[in-house]
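The sequence and structure are shown first.

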Amino acid sequence: MWADAKLKSNITALDTSLALADNVGFCQILPNDIILMNNVRSPEQMRITGFDEANSLVFVERGFNGTTPQAWKKGSAMRIFRIMNGPAMSDLVYD
């Protein structure tokens, strides 16, 4: 599952919080969802770690999955990914 959104304001490569333009999607995202900043040659992934409900801010872990944190301009497009009911593996070890 994914949703499209845009940045409400500029962020630097060091920022760990962001706001979504018009708060589109703010109420539908959850911790551990992945934000993919839309840049063909050098995309950045961010993992959502929490929220500031009063100010509608999203806290993120920048450079997730080995990507490089970058500065992004107001209005930059992003996709928010959530994996639901994905297959998983578990191993049991008996001694």
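A nonpolar core is here a set of buried Ala, Val, Leu, Ile, Met, Phe, Trp, Tyr and Cys residues joined through side-chain atoms within 4.5 Å. The model under discussion is predicted.

In this model the largest nonpolar core has 16 residues, of which L18, L20, I35, M46 and M78 touch the most other members. Two or more residues are given to this core by each of the elements β3, β4 (44-52), β5 (57-61) and β6 (77-81). In soluble globular proteins, nonpolar side chains tend to be buried together. For L20, the contacts beyond four places in sequence are A5, K6, K8, G25, F26, I29, M78 and I80.

The strands form an open sheet of six, ordered β1-β6-β3-β4-β5-β2, with antiparallel pairing. At its edges lie β1 (2-6) and β2, each of which pairs on one side only. Between β4 and β5, the antiparallel pairing extends over five bridges; V58 in β5 is the bridge partner of F51.

D33 is found in the loop that runs between β2 (17-18) and β3 (34-37). Buried means under 20% relative accessible area, and D33 is therefore buried, at 5%. Its computed values are collected below.

| Feature of D33 | Value |
|---|---|
| Relative accessible area of D33 | 5% |
| Distance from a polar side-chain atom of D33 to the backbone nitrogen of L30 | 2.9 Å |

Leaving aside neighbours within four places in sequence, D33 is in contact with Q28, M46, R47, I48, I80, F81 and R82. Among these contacts of D33 is M46, which also belongs to the largest nonpolar core.

Conventions:
Residues are numbered from 1 along each chain as its sequence is written. This is a predicted model: local features need pLDDT of at least 70, side-chain atom pairs count only at pLDDT 80 or more; totals for chains, interfaces and linings use all residues. Side-chain values use heavy atoms; hydrogens and water are left out. Helices (H or I, at least four residues) and strands (E, at least two) are DSSP runs, numbered from the N terminus. Buried means under 20% relative accessible area, exposed over 50%, partly exposed in between (1.4 Å probe, protein chains only). A polar contact is a pair of N or O atoms within 3.5 Å; within protein, one must be able to donate a hydrogen and the other to accept it, and residues adjacent in sequence count only if both atoms are side-chain atoms. Contact means heavy atoms within 4.5 Å. Two strands pair if DSSP finds at least two bridges between them.
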